[in-house]
Amino acid sequence: QVQLVESGGGLVQAGGSLRLSCAASGSIVRIYHMGWYRQAPGKQRELVATITSGGSTNYADSVKGRFTISRDSAKNTVDLQMNSLKPEDTAVYYCYVRGLQSGKNYYDNYWGQGTQVTVSS
């Protein structure tokens with residue numbers, strides 16, 4: 001079993017900041033990508049930001065310059081620092097890991113349960 005535990009969501013006013021954290025644990029032996037996706041009501045889940053094991057990052061255009069993703073490979077954690085938040089950032093944010101689970105010989109995708117971020121105007 002692979003567990004992803006997220007923390008840090010909440011309610012914030014427009015222009016404010018939040019930091020999301022996610023820790024991967026369990027039988028995962030190697031992690032390639034880590035990142036965050038989000039899903040707003042009535043919309044499809046979309047990529048927010050990802051980071052590879054080598055530190056390469058990828059951001060959605062809508063968050064570039066405002067959000068920063070980072071990871072601690074030794075601890076299997078990934079954080080998302082969100083600044084200058086806008087009401088349109090309101091969504092459930094999901095932690096994502098692409099990794100190798102013990103007993104498997106292929107990489108698979110794993111998801112957290114999600115954490116709500118609400119930005120009021």
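Strand E3 (residues 18-26) runs antiparallel to E8 and is joined to E8 by 6 bridges, where strands are DSSP runs of E with at least two residues, numbered from the N terminus, and two strands pair if DSSP finds at least two bridges between them. This is a predicted model, in which local features need pLDDT of at least 70 and side-chain atom pairs count only at pLDDT 80 or more, while totals for chains, interfaces and linings use all residues. Residues are numbered from 1 along each chain as its sequence is written, and side-chain values use heavy atoms, with hydrogens and water left out.

**Strand E8 and its partners**

- Leucine 18 has methionine 82 in E8 as its bridge partner.
- Strand E7 (residues 67-72) is also antiparallel to E8, and 6 bridges join the two; here arginine 71 has valine 78 in E8 as its bridge partner.
- The hairpin of E7 and E8 has 4 residues between the strands, and in this hairpin asparagine 76 takes a positive phi near 55°.
- Strand E8 (residues 77-82) is mostly covered, with 5 of its 6 residues buried, where buried means under 20% relative accessible area, exposed means over 50%, and partly exposed lies in between (1.4 Å probe, protein chains only).

**Aromatic pairs**

- The count comes to 3 aromatic pairs, by a rule in which rings of Phe, Tyr and Trp (its six-membered ring) pair if their centres lie within 6.5 Å, with planes under 30 degrees apart counted as stacked, over 60 as edge-to-face and the rest as tilted.
- The ring centres of tyrosine 37 and tyrosine 96 are 5.5 Å apart and the ring planes are at 70°, so this pair is edge-to-face.
- Because tyrosine 37 lies in strand E4 (residues 28-39) and tyrosine 96 in strand E9 (residues 91-101), the pair ties together parts that are 59 residues apart in sequence; both tyrosine 37 and tyrosine 96 are buried.
- Tyrosine 96 also forms a tilted aromatic pair with tryptophan 111, at 5.1 Å centre to centre and 45° between the planes, and this pair links tyrosine 96 in strand E9 to tryptophan 111 in strand E10 (residues 107-111), 15 residues apart.
- Tyr37, Tyr96 and Trp111 form one aromatic cluster, in which tyrosine 96 has a relative accessible area of 9% and is buried, whereas tryptophan 111 has 37% and is partly exposed.

**Arginine 45 over aromatic rings**

- The charged end of arginine 45 sits over the ring of tyrosine 94, 3.7 Å from the ring centre, where the rule asks that NZ of Lys or CZ of Arg be within 6 Å of the ring centre and within 35 degrees of the ring normal.
- Arginine 45 lies over the face of tryptophan 111 as well, at 4.8 Å from the ring centre.
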